[in-house]
Amino acid sequence: MIVQEVVPGRGRTGNARFLEEVSAATAGVSRLEMCIQCGCCGGSCPSAAEMDHTPRRLFALIRAGMRDEVLASNTPWMCVSCYHCVVRCPQGVHVVDVMYTLKSMAAHQRAYRDATAPDFSRTFVRNVEAYGRSFELGLTALHYLKHFRLRLPGMAPMGIGMMTRGRLGLRPRRIEGSDQLAAILRRAKGLEDGS
Amino acid sequence: MSHYLYYPGCSMESSAAAYRESLETVLGPLGIRLEEIDDWNCCGATEYVGISLLPAYALIARNLALAARQADGTRTLVAACSACYLNLAKADHYLQESRTLAANVNSALGAGGLAYRAGSVTVRHLLEVIITDVGLDAVRAAVSRPLSGLRVAPYLGCMVPRPDPDHRWTDHERPRELDLLLAALGAEVVDYPLKTECCGGHMTQISPAIGFELIRRLIAEATRLGADLMVTVCPMCQMNVDAFQGETNRHFGTHYRMPILFYTQLMGLAFGREAREVGIGRELVDARPALARIGLPVPSTAAEETPETKAARIEAAHRRRQALPMPPMPGDAREEGPR
């Protein structure tokens, strides 16, 4: 599905800039520029069938500078971080880390079409920022209330099972250094926004 | 006693409580002492880095910085959870690879009075420490209740053998470590081709149909191969395969009952500990009928019965009533066993 055409007037510079931007925003060396469009990534992907673009096509869109289409794609959000593509890629592209970069860009600009996955990540992050630890019950309950209300009754046996077996803490645990962590994260966000 | 720094991770305190309990029972026999990092924080799992990169790496790096500060005699940081292990290992790897990332992360850490020099701690997974440092001979020597006759499907999931930034595992897709460990405990190890396939990760929360299909494949294949249970190293995999097995069955109209335990639970049992001490009973798909194969007591509640085992039980009782009084023969008891 291609909803945006490459405008010849934009020229190569604009296109290359998006590729560079994605690559530079990725942790470590992304090697995204090395992609040879072989499709090994999509062929190895357990959730490729649910993606609007396979990873290979997404990387072609990045190279073509089609920023809006790339950031609206559900592909990064369907990535399960299984790293099959990463170890199979003949060019050593850090596919999963590139997906993380695209997620964070899309999350920042709210460019995604479906908010289910970004909301889940945001709720997770909010808990971690508040307590320093993940809080499974709070995360799941909030997420289901917002996105899967109809699944809640069916989930009850599992929730009760987890609780009676002592596998679901009712209250979040807070680390002692939560102020220290907050200061670290505040500066990290400041640096990221400034760069 | 070998001494290591230890990062438990959030799930060890809740959904993977059985991993924590069983882990504590095997450390003594293996001669391992784990020293927990004081006031560690969440590793961010696979979520934080999808929202913003630098804060996510700063979050992980606080743990590395605390570990480096606490390092005394050892600089090896052991993680037991797959996502935690990968996040810590990958962060240290990328901090060494990218000076910009290292500078920014340290600037952020500075706001909390911390600093971290990339490479000052070595991140390793508990399973690899057991295989490499303790060794399979020592494991064999600690076994007092061999798991003979128990057919197990070894299931590692993704994040331990991949992407493996420090090249510690025998293979990215067919690693042998877990198979070797389980064989050393005396178990019959199934050659499980899906051993590093995805359990669905957070898909059960985001796109359930994908999650359920990935879980279905895993339990269907383990069932087809005649495994009594699956054995995992990962809290997320355990949670998906175990806790979401009911919903998966409802989704497909199937009736799989494939228990999944942590490798440390089987180690604890093989080292002679009782089921309760290693967290057996915390799983939603009851593993005790399978564990009857190594002589553990089976619960006899009617709720655990499947239609097949119920029919077999009634038929056996009927036959006993009709039969002439005979002395019990070896093998008679098997009729009332789990299968």
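Good morning. I begin with Glu69(A), which is buried, at a relative accessible area of 2%. Buried here means under 20% relative accessible area, exposed means over 50%, and partly exposed lies in between (1.4 Å probe, protein chains only).

Please note that this is a predicted model, in which local features need pLDDT of at least 70, side-chain atom pairs count only at pLDDT 80 or more, and totals for chains, interfaces and linings use all residues. Residues are numbered from 1 along each chain as its sequence is written, chains are lettered from A and ligands numbered from 1 in the order in which they are written, and side-chain values use heavy atoms, with hydrogens and water left out.

Which residue forms a salt bridge with Glu69(A)? The partner is Arg113(A), with the closest N and O atoms 3.3 Å apart. By salt bridge I mean a side-chain nitrogen of Lys or Arg within 4 Å of a carboxyl oxygen of Asp or Glu. This pair links distant parts of the chain, 44 residues apart: Arg113(A) sits in the loop between α7 (95-109) and α8 (116-131), and Glu69(A) in helix α4. Helices (H or I, at least four residues) are DSSP runs, numbered from the N terminus.

Helix α4 (residues 67-72) of chain A also holds Arg67(A). Its side chain meets that of Glu21(A) in a salt bridge of 2.4 Å, N to O. Glu21(A) belongs to helix α1 (residues 11-24), 46 residues away. Arg67(A) is partly exposed at 26% relative accessibility, and Glu21(A) is partly exposed at 31%.

In chain B, Arg124(B) and Asp133(B) form a salt bridge at 2.9 Å, N to O. Arg124(B) is buried at 9%, whereas Asp133(B) is partly exposed at 36%.

Key
Helix = DSSP H or I, 4+ residues; strand = E, 2+ residues; numbered from the N terminus.
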